[in-house]
Every structure is written in structure tokens, then in C-alpha cells.
Amino acid sequence: MKKALLPIVILLGIIGICKAQNKELELKPIKITSGQSDKQNQIKSPVYFILCGNGSCMAKDLLHDFIIEEYHNQTAKEIYNNILMVVTSMYKSPKDVINKVENKMITVDGFIEYAGIRKAQYKDRKVSISYRLQFDFKDGKMRIKAPVIIDAYEEDKNIGDFPFYMKEVLWGIADDTVQEIQKKLNNVISLIIFQSRTIKNDW
């Protein structure tokens, strides 16, 4: 009888854990955390933004907090619809992470688990981040504002003040972690841009 009950107890435990994590999963971009193909992972993403010592991001020229992507012969509405289609497909619960002004602006509040690993004295610590992206649209072009890192987490602990964490814990101390976080943010942006340019509406 005890042996028969054991699988049921284990199953109930797994279901409980999944329910507890469900809210966090709603913020995770599906394709970034688990859905990228091996081919996509092998492609080197462009560096659109640089993560700076004060915790903010700047365009790689370090002069602007945005980049412009050209979409020749497309209206603002067409670009908007393509980006909306892409980001909607990327998140488990789009309504919880996407805000929009029709044909003008889309903001995305996302979460990247395992954005980096910080090497500590006794134990390496998994760093995760929540972030915000903003896309603005005009005929023939899209403006992507620099990502904003809202919160950082070490393991399950919310660090809180990310600029302080960046300055006192990561910058000049854990440079590999900074580069990993920067790469993951650029990967998200690269994937959105790439997929928005390859959407086919002829089905």
C-alpha cells in the first residue's frame, strides 16, 4: 500500500512546485529560455546595447539610449503588427507582460533566468533579471529604446537596487557576469528583430 501511494505523493509535490512557479513562468520569454534551436544558439547576435557600470544600457556608440531599425516599404502599422505577433508568441502569458499603444508603441516586461553566473567565494550564484523593452514605430522604421533592468536576483533572492548591485558587486569584479547579462539582453532583441523580418502572412 505504501509503495502504491509513493508515486501519488511525488506527483502531488511536483504539481505544487509548478503552481508556485507559475507566476514567474508567465514573465519568461519561451524562446529565450528553452525554445531556441541549436542553429539559432550558434549564430552570434549583434551587440545593440552595452551594459554600463551604473546599471543602465546604452547603444554601442555610447552616445544614444536607442537604436533605429529600418523597415523599408513597410508602414508603422505593419511593423507594429509584426513585432506584436513576435513578442506575443515569445511569452507564456502575453497579457501580463505586454503593454501597447496601437500602431505607435509596445513595451515588454520580461524575465531571463540564468542571465549569468557570479562566482562567489563559497558557491557560484545564478543571476536572473527582469527587464523592460520599448519599441516605437513610424513608417519605414522602428526605434528600440535601451533595455531597462528592473530587478536582479541571485538564486531566489531579489537584490533590489540594481544600479548599486552593478556598481558594488559586478562592475570590475564579475566582468564575465556583466558580459553574460549583456549578451542575453541582446539575444532577446536580436530574436525579436530577426523574427519580425521573416514573418510571412501569405498562409
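**Salt bridges and the nonpolar core**

Eight salt bridges, or 8 in the tally for the structure, are found in this predicted model. As background, side chains of opposite charge can pair when their charged atoms come close. The closest N and O atoms of D136 and R143 are 2.9 Å apart. D136 is buried, at a relative accessible area of 13%, whereas R143 is partly exposed at 34%.

A second salt bridge joins R125 to E154, with 3.9 Å between the closest N and O atoms. Because R125 belongs to strand β6 and E154 to strand β7, this pair ties together parts that lie 29 residues apart in sequence. E154 is buried, with a relative accessibility of 9%, while R125 is partly exposed at 33%.

The salt bridge between D124 and K119 has its closest N and O atoms 3.8 Å apart. Here K119 is exposed, with a relative accessible area of 63%, and D124 is partly exposed at 40%.

Turning to the chain as a whole, its secondary structure consists of 7 helices and 8 strands. The chain has 203 residues, of which 38% count as buried. It exposes about 12600 Å², and carbon and sulfur atoms supply 56% of that area. Among contacts with a separation of 6 or more, 62% are between residues 24 or more positions apart.

In soluble globular proteins, nonpolar side chains tend to be buried together. The largest nonpolar core of this model holds 46 residues, and those touching the most other members are I83, F135, F137, M142, I181 and I192. Several elements each supply at least two residues of this core, including strands β1 (49-51), β2 (57-59), β5 (105-118), β6 (125-138) and β7 (141-154). Helices α4 (76-90), α6 (162-170) and α7 (175-198) also each supply at least two. Beyond its neighbours within four places in sequence, I181 is in contact with L51, A115, V127, I129, I149 and L170.

Helix α4 deserves a look of its own. Its buried residues are A76, I79, Y80, N82, I83, L84, V86, V87 and M90. The length of α4 agrees with expectation, because 15 residues at 1.5 Å a residue should span 21 Å and the end C-alpha atoms are 21 Å apart.

Notes:
Residues numbered from 1 in each chain as written. Predicted model: local features only at pLDDT ≥ 70, side-chain atom pairs only at ≥ 80, totals over all residues. Heavy atoms only, no water. Helix = DSSP H or I, 4+ residues; strand = E, 2+ residues; numbered from the N terminus. Buried < 20%, exposed > 50% of the residue type's maximum accessible area, 1.4 Å probe, protein only. Contact = heavy atoms within 4.5 Å. Areas by Shrake-Rupley, 256 points an atom, 1.4 Å probe, with all protein chains shown as cover. Core = buried A, V, L, I, M, F, W, Y, C linked by side-chain atoms within 4.5 Å. Expected span 1.5 Å × (residues − 1). Salt bridge = Lys/Arg side-chain N within 4 Å of Asp/Glu carboxyl O.
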